[in-house]
Amino acid sequence: MAHEFTHGYFSQNHCEADDDECIMQDAKGKSPKFENKTYLCPQCMHEIEQKID
């Protein structure tokens with residue numbers, strides 16, 4: 001739910017960093033295992049902060 005919320009509310013794209021725990025990682029058409037996704041990586045967080053400011 002956090003992944004889809006972040007897409008919708010912040011217009012955030014999928015994560016471009018190689019961070020398997022970032023909630024914005026693309027599932028690439030597979031069933032995502034979001035229990036392994038625990039946070040926004042620094043790159044995604046920075047991009048969102050830029051949108052807020």
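**Reading a core and an aromatic cluster**

Modeller: Let's start inside. Seven residues make up the largest nonpolar core: Cys15, Ala17, Cys22, Ile23, Met24, Cys41 and Cys44. Keep in mind that this is a predicted model.

Biologist: Which residues is Cys44 in contact with, leaving aside its neighbours within four places in sequence?

Modeller: Gln12, Cys15, Cys22 and Met24. Among these, Cys15, Cys22 and Met24 also belong to the largest nonpolar core.

Biologist: Now the aromatic rings. How many aromatic pairs does the structure hold?

Modeller: There are three. In one of them, the ring centres of Phe5 and Tyr9 sit 5.1 Å apart with the planes at 10°, so that pair is stacked. The idea is to look at the angle: planes under 30 degrees apart count as stacked, and over 60 as edge-to-face.

Biologist: Where do Phe5 and Tyr9 lie?

Modeller: Both are in helix α1, four residues apart, which is about one turn of the helix. Phe5 also forms an aromatic pair with Phe10, this one edge-to-face, at 6.2 Å centre to centre and 90° between the planes. Put together, Phe5, Tyr9 and Phe10 form one aromatic cluster.

Biologist: Is Tyr9 buried or exposed?

Modeller: The way to read this is by relative accessible area: under 20% is buried, over 50% is exposed, and in between is partly exposed. Tyr9 has 60% relative accessibility, so Tyr9 counts as exposed. Phe5, at 48%, is partly exposed, and Phe10 is partly exposed too, at 22%.

Biologist: What does Phe10 touch, not counting residues up to four places away in sequence?

Modeller: Phe10 touches Phe5, Ile48, Lys51 and Ile52. Phe10 belongs to helix α1, which covers residues 2-10, while helix α2 spans 42-52.

How values were computed:
Residues numbered from 1 in each chain as written. Predicted model: local features only at pLDDT ≥ 70, side-chain atom pairs only at ≥ 80, totals over all residues. Heavy atoms only, no water. Helix = DSSP H or I, 4+ residues; strand = E, 2+ residues; numbered from the N terminus. Buried < 20%, exposed > 50% of the residue type's maximum accessible area, 1.4 Å probe, protein only. Contact = heavy atoms within 4.5 Å. Core = buried A, V, L, I, M, F, W, Y, C linked by side-chain atoms within 4.5 Å. Phe/Tyr/Trp six-rings, centres within 6.5 Å; stacked < 30°, edge-to-face > 60°.
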